[in-house]
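Please look over the sequence and the model first.

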There are 4 protein chains.
Amino acid sequence: MKRSIRQIQKDETREKLLSAAHIVFGQKGIMAARMSDIAEAAGVSHGTVFVHFKTQETLVAAVIDDFGIRMGQRTHDMARNSGSLRDVLKAHLEGIREDEAFYTQLVIETRSLPPIARETMISIQSAVSFHINQAAQREMDAGVIKPMSMALLFNTWIGLVHYYLTNRDLFSPEKSVIETCGSMLIDHFMHMISSAN
Amino acid sequence: MKRSIRQIQKDETREKLLSAAHIVFGQKGIMAARMSDIAEAAGVSHGTVFVHFKTQETLVAAVIDDFGIRMGQRTHDMARNSGSLRDVLKAHLEGIREDEAFYTQLVIETRSLPPIARETMISIQSAVSFHINQAAQREMDAGVIKPMSMALLFNTWIGLVHYYLTNRDLFSPEKSVIETCGSMLIDHFMHMISSAN
Amino acid sequence: MKRSIRQIQKDETREKLLSAAHIVFGQKGIMAARMSDIAEAAGVSHGTVFVHFKTQETLVAAVIDDFGIRMGQRTHDMARNSGSLRDVLKAHLEGIREDEAFYTQLVIETRSLPPIARETMISIQSAVSFHINQAAQREMDAGVIKPMSMALLFNTWIGLVHYYLTNRDLFSPEKSVIETCGSMLIDHFMHMISSAN
Amino acid sequence: MKRSIRQIQKDETREKLLSAAHIVFGQKGIMAARMSDIAEAAGVSHGTVFVHFKTQETLVAAVIDDFGIRMGQRTHDMARNSGSLRDVLKAHLEGIREDEAFYTQLVIETRSLPPIARETMISIQSAVSFHINQAAQREMDAGVIKPMSMALLFNTWIGLVHYYLTNRDLFSPEKSVIETCGSMLIDHFMHMISSAN
DNA sequence: GATGAATGAGGCTTCATTCAT
DNA sequence: GATGAATGAAGCCTCATTCAT
């Protein structure tokens, strides 16, 4: 069927665009990237972007949505492979590391992005939070970590991670912050919430 | 003196502009605010902005610098009035609260702003960090708080605060995050780092 | 080939713009012409100009360069068709006449234009001067014209021509100065430098 | 009388402005000079310029008029001190030399200036032409110079002089063209029109 | 469907001119 | 009269979006 060949090609182009946008957004920032930058990065013409995404906002939303699904999947995988809180945190960072640049931009720009961005961010955090809380609760019940509000425990972790991500220039100008500081952050966080001294 | 009447008026306009910019930046974002928004907010004509600030970047730099000085002053005051770490954290949040919206935008946008922004941010954090570390060290030596890296202690605090600030919509959509969550954050943080359970 | 249809159309627009700019520059002056004047004269939108010429300076440079090439070609043709100095002068004026308005503006504004303008002007004059000198030298050697510095002979001729061009309002307000005064100028110049009385 | 003290001061300021404008116009070009440049050069405030000259055009006109009067005076003096054509040409160049920069700008910009500029230019040239023609006629009658149209003789001279003035960068980048090339120009011109070889 | 030239709204900046002091 | 801050019209340039090919 001709139809389906075309369809396949179209889908391929769409994927190229989403992937290119993901990279460019991670490099230049989401709102700072121009539509033509993305076209160029995807190796297609400027106009083609608009064939697939009616407006800039649509493209941004699609990239974010895509990313949300990927993160959701990773978080889901996280569940089965992790037992201890430490494992969960490790898996969490690992999940971020795979999209570090884009994730960081998303953290930074959420507020000035279309609502979908905020919603995606929240849904990602909710899923992550669910797993972290579960593991934390278990260890808290076991008396390994201090009793404290789950929400605050989670927000402290997220805040710490985001702080390092968004200040990469201070902590790891050359390469991935997660790679450079990840295990240190986990150690520190575990130490802080641990009931031992 | 004629001189000084005119000078005073000019200074007033400059102040009006800085103050309007400070507000508008806090509302719309620093780079998203247009020069004409600021003119309008200050109640002067578009051209007047350029009488006082040759370029947009100059204005941004001036507002940030202004803010940096104000924060520096507050941090300095913090020193004499605070003994315990809890006091210092309280003073820190109090200092932020007075410029909450702008501070939050600065946290968000630092990376896409002229270098002065980053430098100001760093210098503010350095000063704050100095006082926090001093108090924390004392209490750590006294065995009241767990032994841990000063840098990580500070970054955890800053990360936590910034996380709440930059997610105001989640934590306090109506009013100041600091007002709403400040003492909770301090309590939580103190509890976390405390050597007691 | 699709390629070439689009390419041809783009080139046509570029030509329309260059040609419109050439005319508008001749009428209003090179720096006095606004980008929007040229867009209007070319029958395209304001933004289109910037698709083809990134900045005003680029456009000016392109128009001048274009003109330089055209003049160079004419000067080259001049060579083969002219024997006597009189012929060369005639050809020179003829070459100018085809772009009289623009050439005149260029003469007037060279100093306030980007360096390319000056360079183009100089290169045009050099080529012309070469041919004039050659013919003049021959006739000087033959004793037909007075012995004199070639440079001064050339500068006198150019000065005379430019003076008439730049004072068209005095000499030929209605139409081309070259048409109106050209042969008179040649006669006069030849008479002046002739060794006969 | 208070009145007349004020009047004197006002006149002084006006003179300062005219003089400053004359210099600045000579340096930056007449239309390229900003009103504030002139205020600064005159050592008065920006607003003061408008107290004396309602519009930019008025100022330009006044400076040109002033210059015209000065040139007229010099031309008049030229009359009594000069006998031969060579003397007149020398006096002519001398008159220009005293205002070389401004005169050159005027030559270049006349067309884009208010009509007064053109009229002044014409009136200056008329006066000069009168004296040159008179002397030339005498020598032509005496058979010293070739018979030729007075207008063309004059225009050749003016064209030559203007060509050197407006191409100072080629002929005398460092200092006055008249000083550097003046006598050469006179010699050449006299040689050209002389009936001798 | 892909292309990329054309479009035009929107933003920054300059500078002659005005006017309150 | 002198001052200089304020004004706003006008010009350059960017970039998301449209549309003919």
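## Model and conventions

This is a predicted model, in which local features need pLDDT of at least 70, side-chain atom pairs count only at pLDDT 80 or more, and totals for chains, interfaces and linings use all residues. Residues are numbered from 1 along each chain as its sequence is written, chains are lettered from A and ligands numbered from 1 in the order in which they are written, and side-chain values use heavy atoms, with hydrogens and water left out.

## Chains A and B

Two copies of a chain are related by a rotation about an axis and a shift along it. Chain B is superposed on chain A, with an RMSD of 0.4 Å, by a rotation of 178° and a shift of 0.1 Å along the axis. That is the relation of a two-fold axis. Superposition here is by least squares on the C-alpha atoms of residues with pLDDT of at least 70 in both copies. Of the residues of chain B, B:Gly159 comes closest to the rotation axis, its C-alpha lying at 2.2 Å.

The interface residues of chain B are, at 100%, also interface residues in chain A, so the copies meet through the same surface. Contact means heavy atoms within 4.5 Å. Chain B has no contact with chain C, and their closest C-alpha atoms lie 20 Å apart. Chain B and chain D do not touch either, with nearest C-alpha atoms 13 Å apart.

## Chains C and D

Chain C is superposed on chain D by a rotation of 178° with 0.1 Å of shift along its axis, at an RMSD of 0.4 Å. C:Gly159 is the residue of chain C that comes closest to this axis, at 2.2 Å for its C-alpha. Of the contact residues of chain C, 100% recur in chain D, and the same surface serves both copies. Each chain is represented in the contact, with 36 residues from chain C and 36 residues from chain D. About 3000 Å² is buried between them, 55% of it from carbon and sulfur atoms; buried area is the accessible area (1.4 Å probe) that two parts lose on being put together, summed over both.

There are 2 salt bridges between chain C and chain D, a salt bridge being a side-chain nitrogen of Lys or Arg within 4 Å of a carboxyl oxygen of Asp or Glu. C:Arg118 and D:Asp169 form a salt bridge at 2.5 Å, N to O.

## Around DNA strand E

DNA strand E is surrounded by 34 residues, and the closest are A:Thr48, B:Gln56, C:Thr13, C:Thr48 and C:His52. A residue counts as near the strand if one of its heavy atoms lies within 4 Å of it.

A polar side-chain atom of C:Thr48 lies 2.4 Å from a phosphate oxygen of DNA strand E. For C:Gly47, a backbone N or O atom lies 3.3 Å from a base nitrogen of DNA strand E.

Definitions and conventions. A polar contact is a pair of N or O atoms within 3.5 Å; within protein, one must be able to donate a hydrogen and the other to accept it, and residues adjacent in sequence count only if both atoms are side-chain atoms.
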